[in-house]
Amino acid sequence: MITPADRRAARTGYPRAPSRSRTVARRFLRSGQGRLGAALLCLVVLPALAGPLVCRWSPADLDFGAFLRPPSAAHWFGTTQTGGDVFALTMSGTRRSLAVGLLVAVLATAVAAVTGACAGYFLGWTDRVLMRVADLLLVLPAFLVLAVMSPLFGPGRWPLFVVMLTLFLWMVTGKVVRGMTRSLREREYIRAARYMGVPAGTIIFRHVLPNLASLLIVDATLNVSAAILTETSLSYFGFGVQPPEVSLGGLIADGARTALYAPWTFWFAAGTLVGTILSVNLAGDALRDAFDPGGRR
Amino acid sequence: MTGPVLRVRDLVVRFGGVPAVRGVGFSVEAGEVLGIVGESGAGKSVTALAAMGLLPRHAEVRGSVLLHGRELVGARDRELAAVRGRAMAMVFQDPLSALTPVHRVGRQIAEAVRVHQKVSRERAARRAVELLDLVGIPDPRRGARAFPHELSGGMRQRVMIAMAVANDPDVVICDEPTTALDVTVQAQVLEVLKKAQGETGAAIVLITHDLGVVAGFADRVMVMYAGRAVESGPVREVYHRPRMPYTAGLLGSVPRLDAGKESPLVPIEGGPPAPDALPAGCPFGPRCPVAAPVCAAAEPPLAPVAPGHHAACARAGEPGLAVARPPRPADPARPLPPPRERRAVVLAVRGLVRHHPAAGPPRRRGGVVRAVDGVGFDIREGETLGLVGESGCGKTTTLMEILELARPQGGRIEVFGQDTALLTRKTRPAVRRSLQVVFQDPLASLDPRMTVHDIVAEPLAAHRVRDAGPRVRDLLALVGLDPAHAARHPGELSGGQRQRVAIARALALSPRLLVLDEPVSALDVSIRAGIVNLLADLGARLGLSYLFVAHDLAVVRHIADRVAVMYLGRIAEIGRVEEVYRAPLHPYTRALLSAVPIPDPDRERERRRVLLEGDVPSPVDPPSGCRFRTRCPKFRVLPDALRQVCVHEPPEVRPVRPDHGVACHHAEEPPGGHR
């Protein structure tokens, strides 16, 4: 593929800079941890996405000829007490949990990055207002508020759930980002940019945030796990994603009741949850190493 | 005493297989001073630490270190501990980290005494006070009760010296003892070191990168490069007749106080090799101006070239090969710029004031740091003004005030004739374009995550210049970099290359005025010359004006047309460089200039120093009237009647000669009013 940069390189006879994202990707895939994390994540995500295509059961289907049956050719992960296909349910639940987790993590980290960096860079009033808001949200009992609001997260309303989870997940990162920005802003390359006449917004997005990238990425990963865990625990108690939509938390709650004599109803959902969180953490760790410019190539 | 006190032979130090020191040998006799010079990474400090047995466990040490004929390499820790501090002592570069912060300095010295001598607590405490008196701590009884952080850097280094000589050692190893200090304090500390040596008769090993300090202080000198000694001999012999091209190159690349623009610096090309990737043959070969095929064949041994003089160079036998300052080809005649009065003023500063609240919890201290307190100067087109002074004198604050392009707390700043207080959001960017900055530490001023191309293109993007590629290439060529460097990150470049990138970025928008904040002080000696030459060349070629902030007066001598000397937030003296350096009028300028060592043993030893007493007073509570009077050698000898004006009236800068102003009430009297 020929990009404008390549064309310019050809014209000026001047080697093009190696793209940063490509360097990061190369380093990421070179580390064992990164490959393991990525592979594990694929193992969880691909079936979850492909689930509806390969499985003849949908999560809503009930097989009245098979109640609480162990895994077989017809039902790969077995069936539930009501004859639901555990494979179809688990895949659908994983899809929902992953969507919630990833969205919340990305949104929360983005909110934290922008508010933290703005507060730390501009200081003064901006700082005071943003940090008071963060303090206020920190003292609110998130679990309770979400539980009280659960009737609002009815069918098809899960994006609202995502927004609410995000609202309660960004503050700590935001404070850390603010602190780091305050020290970064006195660094000479930031001052150099300011004296060059680079506008404040550009400085924040080009110098401050990329230099916090490793923090933000690690944080985003931890947020993925935190968000998925919060979502599952809320759903476990019946406050999160509401039926008929399924999530891993709901499945685990249902499966726990029959886990002793029909372990397949519980272990497939629980295993998927553990695998997801493990793979996301592994990948996040490897990504942080890949981002570090001081790290070995 | 007969024979050397300390003899090091074939010392080899490896860290994880990578050699840091590769076969170093030297010896010192009692009462002798051996200077070890070299650039960072040459293995100087590792040699010293190995001799003291202070290297970490994973370091592999071979060879022999004999102290009074006793082998120290491989000796057990207990044996070493008996020697360390008693027969052999060390003074480190950073006295703050070498002193325990939670104990009073008197107690620390007394403890050093009691470790090796069986004396009572009271005797040790008395000895500590004696030692503090020896190293010139005023009121040593009170000084002994101070904590390290309560003392200034110079005072702390004196305490370190007191501790080192506490047990009458036979050898004192000083590792860059004055590098972190200002020149006037450096002169004091070296004086103390000399005195302490006279008192104890110890041998001193002085490790430094400053050729001037060695010239004035050492009897013999050893030059190190890439982990080996490449030349050694008596100081005069080595300085006047260097045989190794590296030594000659170092001497040629150091800016000297006694030589100005007319004798340009000769940089050494390239940078020192990495210890794990040494070139074949002579490690200096790739950078050597007189390298021959024989040099790449084998590494030359350190061989005698004259009585007591050794050099490791295959061509050392050919006399006159290594020349410190080869005559430079005649400069193509540049048209003379119009006289100063007819050139436009690019920067005018009048009565600039910047105070900020003193550090510490607010309301408890309540003091105001008068960092800049009425500073004025101007810079005309194509001119370089050097702003010099010791740390804390307000030079960097002045520079930051100018760069903010905002209304100053007091006074006026005019950039290109525009008052910065009247600039608006619309008019400021245009001024910014023409006023750019280069910082001291290029590693800190370049975003580590961006490529060189992105860094140099950033100001272009900020001012909406399209298609930066060709411009970036031109800029890199202008500062002597390869276009291929564009794809690298700052971390992959050498210090000199990084500073070139920073200069290229500053030049991207074709500014008219460049502000340089200590642009060479973070660089190694041999690289410094290249940057100084580059700046001088660019200034002449592009018609730039520079505001060059530095603490190194020799560098300023080489690059500036005019110089302003600052002391405690005010200007002490300002004028043409030649005038000020030849005939300084302010007592402070005089002391400052006399404190800068010159890398020439003969000249250095016949100079008379004006030693200043004490430290710079705190800018929170500066002395009334003339701020320099508390340390002024002239004030001390003035009759009372004349002193009154110094105590009560702050002197303003007044012109005494054409284009030479001085802020001293008694500048015209003969120098110092000597006894």
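These are my notebook entries on a predicted model with a chain A and a chain B.

**Entry 1: chain A alone**

I started with the secondary structure of chain A, which comes to 13 helices and zero strands. I then looked up the extent of chain A: along its principal axes the C-alpha trace spans about 75 × 50 × 30 Å.

**Entry 2: where chain A meets chain B**

I asked how many residues each chain brings to the contact. Chain A gives 27 residues and chain B gives 36 residues.

Next I looked up the area. The size of an interface is often given as the accessible area lost when the parts come together. Between chain A and chain B about 2800 Å² is buried, and carbon and sulfur atoms give 56% of that area.

I went on to the polar side of this interface. The count is ten residue pairs in polar contact between chain A and chain B, with both residues at pLDDT 80 or more. For salt bridges, the rule finds one across the interface of chain A and chain B. Which residues form the salt bridge? I found A:R206 paired with B:E458, and the closest N and O atoms are 2.9 Å apart.

I then noted which helices of chain A take part. On the side of chain A that touches chain B, at least two residues each come from α1 (4–12), α9 (188–196) and α10 (200–211) of chain A. Which element gives the most to that side? I wrote down α9(A), with eight residues. I also sorted the residues of this side of chain A by kind: 13 are nonpolar, four are polar and ten are charged.

**Entry 3: the domains of chain B**

I turned to chain B, which is divided into domain 1 (6–218), domain 2 (340–571) and domain 3 (582–673). I looked at the pair formed by domain 1 and domain 2 of chain B, whose C-alpha centres lie 38 Å apart. Their contact takes seven residues from domain 1 of chain B and six residues from domain 2 of chain B.

The area buried between domain 1 and domain 2 of chain B is about 610 Å², and carbon and sulfur atoms give 40% of it. Which residues of domain 1 of chain B lose the most area to domain 2 of chain B? I listed B:E39, B:D182 and B:H209, which together make up 67% of what that side buries.

I checked the charged and polar pairs here as well. Across the interface of domain 1 and domain 2 of chain B the rule finds zero salt bridges. There are three residue pairs in polar contact between domain 1 and domain 2 of chain B, both residues at pLDDT 80 or more. The side of domain 1 of chain B that touches domain 2 of chain B has two nonpolar, three polar and two charged residues.

**Entry 4**

I followed an open sheet of four strands in chain B, in the order β2-β1-β4-β5, with antiparallel pairing. Its edge strands are β2 (18–28) and β5 (70–71) of chain B, each of which pairs on one side only.

I went through the strand pairs in turn. β1(B) and β2(B) run antiparallel and are joined by eight bridges. In this pair, B:L11 stands opposite B:V24 in β2(B). The hairpin of β1(B) and β2(B) has two residues between the strands, and B:G16 there takes a positive phi near 55°.

Strand β1 (residues 6–15) of chain B also pairs with β4(B) in the antiparallel sense, over eight bridges. Here B:R14 stands opposite B:E60 in β4(B). Strand β4 (residues 59–67) of chain B is joined to β5(B) by two bridges, again antiparallel. B:L67 faces B:R70 in β5(B) across this pair.

I looked up another open sheet of four strands in chain B, with the order β14-β13-β16-β17 and antiparallel pairing. The edge strands are β14 (368–380) and β17 (418–419) of chain B, each pairing on one side only.

Between strand β13 (residues 345–357) and strand β16 (residues 410–415) of chain B I counted five bridges, with the strands running antiparallel. Which residue of β16(B) is the bridge partner of B:V353? I noted B:G410.

Technical notes:
Residues are numbered from 1 along each chain as its sequence is written. Chains are lettered from A and ligands numbered from 1 in the order in which they are written. This is a predicted model: local features need pLDDT of at least 70, side-chain atom pairs count only at pLDDT 80 or more; totals for chains, interfaces and linings use all residues. Side-chain values use heavy atoms; hydrogens and water are left out. Contact means heavy atoms within 4.5 Å. Buried area is the accessible area (1.4 Å probe) that two parts lose on being put together, summed over both. A salt bridge is a side-chain nitrogen of Lys or Arg within 4 Å of a carboxyl oxygen of Asp or Glu. A polar contact is a pair of N or O atoms within 3.5 Å; within protein, one must be able to donate a hydrogen and the other to accept it, and residues adjacent in sequence count only if both atoms are side-chain atoms. Ala, Val, Leu, Ile, Met, Phe, Trp, Tyr, Cys and Pro count as nonpolar, Asp, Glu, Lys and Arg as charged, and the others, Gly among them, as polar. Domain bounds come from an automatic or database domain assignment. Two strands pair if DSSP finds at least two bridges between them.
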